[in-house]
Amino acid sequence: MSEQQGRVSREIRGHLFLIGLDRAEKRNAFDSHLIQDLSLALTEFEDHPELRCAVIFAHGEHFTAGLDLVELQPKLTSGVFDFTATQINPWGTTSRQRKKPVVVAVQGFCFTAGIELMLNADIVVAHHDTQFAQMEVQRGILPFGGATVRFVQTAGWNKAMRYLLTGDRFDSTTALDMNLITEISNDAPLERALAIAESIAQAAPLAVQATLAAAQDALAHGPTHAFEHLNDHLQPLLKTQDVQEGVMAMLQRRAPNFQGK
């Protein structure tokens, strides 16, 4: 790997897919290559029938220093963040939306696009000394990976604007207070993230995906729409082998063995 080209590592562990930002010599700053390879990796995860949960982490000391504007600035107007209809957009703002769960582990610096990446995830574990910053206004641009919507939805207007409008740094405790992260780890956040992901992978995968879809309905369209369509998510599950396995496992007092069927 050259210094100018970013990529992600891939590893399959059972039903888990580990995706590692691998541009440590540049503090995992997102250049166009890293952005595209992350999209391809998430698309591989989505399309692999045996994979049930992905874990995004970073090699090196830092999750990401944000966008590599030196490399990206000439390309921003040409659509470097445009993805094909078949690709997963890691930030979920356009193109194909993922249906499977993603857990993120962060440490060191987690700036700009890194915050937006974890805001589009489902669960986030942060090391206790992680430093966060949504500093786009300090670079003459605005957040365009979802923070103007998701940061505000998650933290509330006043708390979000405190950091969106200043670009100031904040710590893991503040991130937890604003609900940007799920929990703080004093040890390696990746290990805790893997433990959570494994718990997700042991659940019925079709039920996990339906739960995500129903919750996303509520966020995107509001409670009334979500309640009206809740049965649309439930009825297909009632016809699966997994729901029968769940009942039998309960009656037999054993762990279920879900097949995603």
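Trainee: How much space lies in the second largest pocket, and what makes a region count as a pocket?

Mentor: The second largest pocket of this predicted model holds about 320 Å³, counted as the space filled by probe spheres set on joined grid points. A pocket is an open set of points on a 1 Å grid where a 1.4 Å probe fits, with protein on both sides within 12 Å along at least five of seven lines.

Trainee: Which residues line the second largest pocket closest to its centre?

Mentor: Of its 18 lining residues (an atom within 4 Å of a point), Pro49, Arg52, Pro205, Gln259 and Gly260 are the closest to the centre, and α7 (189-202) and α8 each supply at least two residues of that lining.

Trainee: What volume does the largest pocket have, and which element gives the most to its lining?

Mentor: The largest pocket has a volume of about 840 Å³, and among its 30 lining residues Leu119, Asn120, Arg150, Gln216 and Leu219 lie nearest the centre. Its lining takes eight residues from α8, the most that any element gives.

Trainee: How are the residues numbered, and which atoms do side-chain values use?

Mentor: Numbering starts from 1 along each chain as its sequence is written, and side-chain values use heavy atoms, leaving out hydrogens and water. Local features need pLDDT of at least 70 and side-chain atom pairs count only at pLDDT 80 or more, whereas totals for chains, interfaces and linings use all residues.
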